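The following paragraphs lead through selected features of the model shown here.

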Amino acid sequence: MKVLLAGASGTLGRFLVPQLIAAGHDVIGVTRGAGAERLKRAGATAVVADVLDRGALLAAVDGLAADAVIHELTALTKAPARHGDMEPTNRLRVEGTRNLLDAARELGATRFLTQSMFLGYGFRYLGRAPLSEEAPFAVPTGARTDPVLAALKSTEDQVLAAAPGIDGIALRYGLFYGGDTDVFAALLRKRRLPVPSGRSGTLALIHHEDAASATVAALERGVAGRAYNVVDDTPATWRELIEEVARTSRTPKPLVLPAGLIRLAAPYVGEVMTRVDVHISNGRARTELGWTPRYPGYREGLAAGATTAER
């Protein structure tokens, strides 16, 4: 297929572009400019546009054609410490999705994939039973995380109920890890990546490479109108993940702080670190997409990265 990829030079896009090309697809990468040369070197075509500017986006794709659009845009260049740090990404999930759907119609695309997240199930304890895609999603609770839930619901609702002729699919990714280990390691060396003391909740994780391979599988085999949980087989606490990063990258162990202090200093990411407690099933992705994570858990994923770095 010919694929328009929004967020092609972003956190997941840089892993997704080579996998799409390796699978035989042609990639048109949307970037705001800084990543254009890198996209060209990777074998993709670069289109420079701001997805939040509908007119400029439609002008940029005028005369182009694509079979599918993949929305992988966020505005996160670092961990969102405060709730307000999520506002630009929320806009991309609401307004950006709407504009990209308009672009998809102009391009003649018949398939649209959007990035969602496991956090849509809730920022709280959600039981020990693994949640399927049929579980309640993006239900407001009156908490400060409600705008994030609303944005996730918006992108999914827009895409899954897209106009006739466009097959919409939502990918509920786990927390990405693996491709940014060097960033985590640098923060650990500076003692700026704390973990909570005591018991904290479990998170759903996914290695960047596995998230990309699941996306390619969904592009090729995903069922229209479906959401898919894209997570590995091993839920983990934030502390378990970061301590393993420290071990495999041979950096100092993380600073251990009370959970309440972490939430006070960094309210949004503190909620994720200390209060999210969920188990997620990847059964639908395995069955319908024929996808299996290469790394069943964070230990295997981080070990593979450490081995590659030593070569």
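Helix 3 passes helix 4 in a right-handed crossing, that is, with the near helix turned clockwise from the far one by less than a right angle. Helices (H or I, at least four residues) and strands (E, at least two) are DSSP runs numbered from the N terminus. This is a predicted model, in which local features need pLDDT of at least 70 and side-chain atom pairs pLDDT 80 or more, whereas totals for chains, interfaces and linings use all residues. Residues are numbered from 1 along each chain as its sequence is written, and side-chain values use heavy atoms, without hydrogens and water.

The axes of helix 3 (residues 54–61) and helix 4 (residues 87–107) lie 10 Å apart at an angle of about 25 degrees; axes are lines fitted to C-alpha atoms over the stretch in contact, and angles run from 0 to 180 degrees between N-to-C directions. Helix 3 is therefore roughly parallel to helix 4 (an angle under 35 degrees). From helix 3, Arg54, Leu57, Leu58 and Val61 meet Asn99, Leu100, Asp102, Ala103, Glu106 and Leu107 of helix 4, contact meaning heavy atoms within 4.5 Å.

Val47 belongs to strand 3 (residues 45–48) and, at 8% relative accessibility, counts as buried (under 20% relative accessible area, 1.4 Å probe, protein chains only). Beyond four places in sequence, Val47 touches Ile28, Gly29, Val30, Thr31, Ala60 and Leu64.

Thr31, one of these partners of Val47, lies in strand 2 (residues 26–31) and is likewise buried, at 4% relative accessibility. A polar atom of the Thr31 side chain lies 3.4 Å from the backbone nitrogen of Gly35.

Terms used
Buried < 20%, exposed > 50% of the residue type's maximum accessible area, 1.4 Å probe, protein only. Polar contact = N/O pair within 3.5 Å; in protein donor to acceptor, adjacent residues only side chain to side chain. Parallel < 35°, antiparallel > 145°, perpendicular 65-115°, else oblique.
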